[in-house]
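Biologist: I have a structure to learn from. Could you take my questions one at a time?

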Amino acid sequence: EARDAVSITVYNQNFGLVREIRTLDLRRGFVNLEYGDVASGIQPETVHIRPLGGDPLQVLEQNYQYDLLNPQKLLEKYVGRTVNVYRTNPLTGEDEAVEAEVLSVNGGPILRIDGEITFNYPGRFGFPELPDNLIAEPTLLWRLNAPGGRQQVEVSYLTNSVNWKSDYVMVLNEDDDEASLTGWVTLTNQSGTAYENARLQLVAGDVQRVNQGMRPEARRDRMMADAVMAMESSGFTEDAFFEYHLYTLGRPADLMNNEQKQVTLLESDGFGVQKTLIFPGASYYYRGQYGQVATNQKVGVFLDFENSEENGLGMPLPKGTVRVYKRDDTGAQQFIGEDLIDHTPRDEELRIKMGEAFDVVGDRRQMDYTVISSCVSESTWRVDLRNHKDEDVEVQLVEPVGGDWEMISTTHRFEQTDAWTFVITPTVEARGETRVEYRVRARWC
């Protein structure tokens with residue numbers, strides 16, 4: 001309740017930057033100030049305090065108190081001291097107190113009662129006072145040199161155990177050539193405190209952090225804390241920031257402790273996709289003598305699309321899981337596959353794997369193998385593709401030959417996609433079969 005404003009920038013690496021503004025009313029001179037309601041996952045060395053106007057406020061010393069109050073800690077603080085143990089009298093129904101000295105709490109309380117040492121003594125404990133060095137919640141204790149009077153201050157710090165991830169729901173149309181996409185952000189807060197009515201920002205990217213001590217780059221974090229974003233819409237707005245992308249929710253949000261919250265990140269409808277069937281090879285095929293290497297091998301199914309404005313998208317996509325659905329003949333939506341995508345900028349192409357085709361299979365057989373020298377050979381390959389569907393399909397034969405290779409002959413046109421790989425894309429008619437044969441010379445040393 002003492003916060004004037006709070007904002008949190010969440011990174012998808014399980015940490016966040018908290019920035020809050022509070023009004024302090026301090027006497028002039030040296031002051032001890034308890035600053036409570038901070039995250040239990042706080043990194044104290046990242047705390048930064050800045051007065052907003054007025055005379056400078058000097059922080060001379062900071063202590064982070066995190067010895068939290070719980071039954072075990074309370075008993076530990078009373079080792080060697082006397083407490084009351086209350087038991088209910090079965091005849092009167094009233095609690096009766098027995099004085100007990102706490103000798104140890106390792107593995108359970110060990111007590112001295114009426115000169116005897118005992119353990120597993122039933123009853124509830126009563127303590128005369130709360131020890132000074134136990135606190136109910138994590139607290140920062142500052143030694144300040146204050147100018148006196150009321151003053152607003154901005155406090156920022158990094159905390160662990162707050163994270164976000166993105167998930168996508170894609171729905172294909174009947175012809176598998178268009179789709180709609182909805183992006184969800186799932187935020188998880190286990191930092192030990194709540195952020196109510198907070199300005200929420202997300203950073204997507206791979207931010208460098210030092211493993212030993214996890215010390216941040218203070219200047220970069222200050223820049224992120226002070227970044228001003230457009231907030232006209234009720235959803236997320238996106239902008240490039242340094243070498244990352246910053247997403248800002250256009251309305252205040254509550255992020256409670258031990259809560260998982262989902263917010264819509266993006267929505268797009270009617271963008272173009274292409275279904276691709278791939279029958280992959282392997283480089284080792286061309287370096288030895290084989291017979292039939294694959295029988296009734298299933299063909300992989302992939303969806304390709306471009307993340308561009310012209311294609312109805314164009315927003316940088318944070319890494320996450322894309323789950324794909326399609327409606328059946330009755331109109332019911334069915335799940336057809338999922339895949340992970342990495343951080344993807346706009347105007348880049350994406351390929352997600354759906355699974356293996358049921359009705360399109362292939363055989364691969366080596367028909368001839370000739371050794372030319374110690375590391376040069378020629379081999380002839382035959383690939384039979386069978387399509388049991390009611391429509392024609394195209395299948396990409398992806399052949400990663402490797403090394404220095406040369407196509408000697410082929411029944412179909414091929415395309416060299418890189419120094420190691422060529423692709424042949426035959427059409428297989430409905431309920432038909434297509435045979436591809438080629439001979440290739442490979443040199444690998």
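Modeller: Start with F302, which stands opposite K353 in β24. This is a predicted model, in which local features need pLDDT of at least 70, side-chain atom pairs count only at pLDDT 80 or more, and totals for chains, interfaces and linings use all residues. Residues are numbered from 1 along each chain as its sequence is written, and side-chain values use heavy atoms, with hydrogens and water left out.

Biologist: How many bridges pair strand β21 with strand β24?

Modeller: Strands are DSSP runs of E, at least two residues long, and helices are runs of H or I, at least four long, numbered from the N terminus. Two strands pair if DSSP finds at least two bridges between them. β21 spans residues 292-307 and β24 spans residues 348-373. They pair in the antiparallel sense, and the number of bridges is 12.

Biologist: Which residue takes a positive phi in the hairpin of β8 and β9?

Modeller: Four bridges join β8 (residues 110-113) to β9 (residues 116-119), and the strands run antiparallel. R112 has I117 in β9 as its bridge partner. The hairpin has two residues between the strands, and the one with a positive phi, near 55°, is D114.

Biologist: Y78 and F127 form an aromatic pair; what is the angle between the planes?

Modeller: Rings of Phe, Tyr and Trp (its six-membered ring) pair if their centres lie within 6.5 Å; planes under 30 degrees apart are stacked, over 60 edge-to-face, and the rest tilted. By this rule there are 14 aromatic pairs. Y78 and F127 lie 5.1 Å apart, centre to centre, and the pair is tilted, with an angle of 55°.

Biologist: How many residues apart are Y78 and F127 in the chain?

Modeller: Y78 sits in the loop between α1 (71-77) and β6 (82-88). F127 sits in the loop between β10 (124-126) and β11 (139-146). The pair links distant parts of the chain, and the number of residues apart is 49.

Biologist: Is Y78 buried or exposed?

Modeller: Buried means under 20% relative accessible area, exposed over 50%, and partly exposed in between (1.4 Å probe, protein chains only). F127 has 26%, so F127 is partly exposed. Y78 has 0%, so Y78 is buried.

Biologist: How far apart in sequence are the parts tied together by W405 and F422?

Modeller: This pair is tilted, with 5.3 Å centre to centre and 45° between the planes. W405 lies in β27 (residues 404-410) and F422 in β29 (residues 421-424), so the parts tied together are apart by 17 residues.

Biologist: Which residue lies over the face of Y86?

Modeller: A charge sits over a ring if NZ of Lys or CZ of Arg is within 6 Å of the ring centre and within 35 degrees of the ring normal. R87 lies over the face of Y121, at 4.9 Å from the ring centre. Over Y86, at 4.4 Å from the ring centre, lies R124.

Biologist: Which strand gives the most to the lining of the second largest cavity?

Modeller: β2 (15-26) and β12 (149-160) each supply at least two lining residues. With three residues, the strand that gives the most is β12.
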